[in-house]
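Good morning, and thank you for joining this meeting. I shall take the structure on the screen step by step, beginning with a question.

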Protein chains: 2
Amino acid sequence: MTPPTPLHLSLAGQAVDVLREQVLTGEITPGSRVNEVEVAQKLGISRGPLREAIRHLASEGLLTLVPHRGAFVPDASPDDVRALFELRTALECAAAELAASRRTDVDLVRLQEVCAESRRNYKAGQPFPYRLDLAFHQTLLHAARSPYISEQVRLVQQRVVLLRSALADDPPHQHASMDDHDELVRAIADGDAAKASTVMRRHLSRVCAQMLTSLTH
Amino acid sequence: MTPPTPLHLSLAGQAVDVLREQVLTGEITPGSRVNEVEVAQKLGISRGPLREAIRHLASEGLLTLVPHRGAFVPDASPDDVRALFELRTALECAAAELAASRRTDVDLVRLQEVCAESRRNYKAGQPFPYRLDLAFHQTLLHAARSPYISEQVRLVQQRVVLLRSALADDPPHQHASMDDHDELVRAIADGDAAKASTVMRRHLSRVCAQMLTSLTH
DNA sequence: AAACTGCCAACTGTCGACAGTTGACACGTT
DNA sequence: AACGTGTCAACTGTCGACAGTTGGCAGTTT
């Protein structure tokens, strides 16, 4: 998906993976600063590759750079969340439209499987894992077959994960989300691009609202 | 617009500006490789800051990195152009919708001014400068007041400029574009988000087609 | 003559060290 | 006691040098 940038053997590439993991899991708490020498020692590499890794994560929006001060993991204001979801909505609505017109039959089966698994999980009393929500959106993205849109959505979703102070623990919200997903799949199955877009917009609007409420407690 | 990342005093930041300029103006031709030591010497800086600049431009899509081989300025295939315009359409249609509902009166005046200047230029027999087209889209973006969407559009537009093998020299195309712009402004003036989105989609579809034809000669 | 093999130059990846800037603490002043 | 000032440690920005890899060229073999 990304441009041919397989940084995955270089030290910088490995550092990107490790740091991204730590930032997304909250191992490095929002607001805290990333000390170059300290982290470099901890990773057993020199500052050069680490700096490249930090800059890369900054370009993904997972860190913010302040000259002569270093890199910080950003904590978002409500306005940030709203603006971010405007971007996400633009991208994912377009993806939903494209998916409705381009999806293959195996795409459809995969989407239905993810939905079914979510239901099973939910009825078993377990919480709707964020993992399955992510899987749904990524499957839809694959069905849209628009590499640049997919890539951008991936980046936006990462930033959303960073704000997951709002974990989807609210049962009615989970239920509504699963209903949205089901309706989305039906629209895509019918090839109804307009409806797919509309449902996606409503879905993301709901998720955004949920995040905003649990952000302000 | 960008996160607080004012790299504009550091050597790396300056190198980003210089290199971006050179790539966008074609001073560094597509397909050619960027030699780190050579460019570093030419800029009078060391390889460290230059590498950061290269990585940054790569994250913007203006360069592609190949491990152990270096950075290349990408040349696009028709499929790339199509996929890129799918992204651009998603973003700018959303921006048009938002602009229709959020624009202030001064936003409207600015949009009308840009259109008027384009007409004047055209009637004076001069070609429709890409500069004014860019100005229009950026003014619209400002009216949308969605920082993340604006930022992404900025990046996509850069990549489009990189492919400007299709210079807008075709008079009927120029005329159609100006008509699109005018119609877009009317829709935004009326606060008609749906129409703004539709017109924008048609406009970008036209521009994309134009690019594809002049890409294949 | 074509194909294979080994060597070589060029370049990227990485490292350790130096220089400049920032924020904070301690001290002195009013 | 509050405020302004000077100093200092910590950290980022930058540099030059070394190590590892890649692609190409020359030489050899069949």
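Before I continue, the conventions. This is a predicted model, in which local features need pLDDT of at least 70 and side-chain atom pairs count only at pLDDT 80 or more, whereas totals for chains, interfaces and linings use all residues. Residues are numbered from 1 along each chain as its sequence is written, and chains are lettered from A and ligands numbered from 1 in the order in which they are written.

Helices (H or I, at least four residues) and strands (E, at least two) are DSSP runs, numbered from the N terminus. The largest share, 3 residues, comes from α3(A). By class, the surface near DNA strand C divides into 6 nonpolar, 8 polar and 5 charged residues. Ala, Val, Leu, Ile, Met, Phe, Trp, Tyr, Cys and Pro count as nonpolar, Asp, Glu, Lys and Arg as charged, and the others, Gly among them, as polar.

Turning to DNA strand D, Glu36(A), Gly70(A), Leu11(B), Ser46(B) and Gly48(B) come nearest of the 19 residues around it. Here α2 and α3 of chain A and α1 (11-24) and α3 of chain B each supply at least two residues. The most, 3 residues, is given by α3(B). The classes near DNA strand D are 6 nonpolar, 8 polar and 5 charged.

How are the two chains related? Chain A is superposed on chain B by a rotation of 180° with 0.0 Å of shift along its axis, at an RMSD of 0.0 Å, which is the relation of a two-fold axis. The superposition is by least squares on the C-alpha atoms of residues with pLDDT of at least 70 in both copies. Ala90(A) is the residue of chain A closest to the rotation axis, with its C-alpha at 2.9 Å.

At the interface, 30 residues of chain A are in contact with 31 residues of chain B, contact meaning C-beta atoms, placed from the backbone, within 7 Å. On the side of chain A that touches chain B, α3, β2 (64-66), α4 (78-102) and α7 (147-162) each supply at least two residues. The largest share, 8 residues, belongs to α4(A). That side of chain A divides into 18 nonpolar, 8 polar and 4 charged residues.

Within chain A, helix α2 (residues 36-43) and helix α3 (residues 47-59) pack at about 110°, with their axes 9 Å apart. Axes are lines fitted to C-alpha atoms, for helices over the stretch in contact, and angles run from 0 to 180 degrees between N-to-C directions. The two helices are therefore roughly perpendicular, a term covering 65 to 115 degrees. Glu36(A), Val37(A), Val39(A), Ala40(A) and Leu43(A) of α2(A) meet Arg47(A), Leu50(A) and Arg51(A) of α3(A).

Finally, the secondary structure of chain A comes to 9 helices and 3 strands. Its C-alpha trace spans about 55 × 40 × 30 Å along the principal axes.

Notes: Angles under 35 degrees count as roughly parallel, over 145 as roughly antiparallel, 65 to 115 as roughly perpendicular and the rest as oblique. Two residues are in contact if their C-beta atoms, placed from the backbone, lie within 7 Å. A residue is near a molecule or strand if its C-beta atom, placed from the backbone, lies within 6 Å of it.
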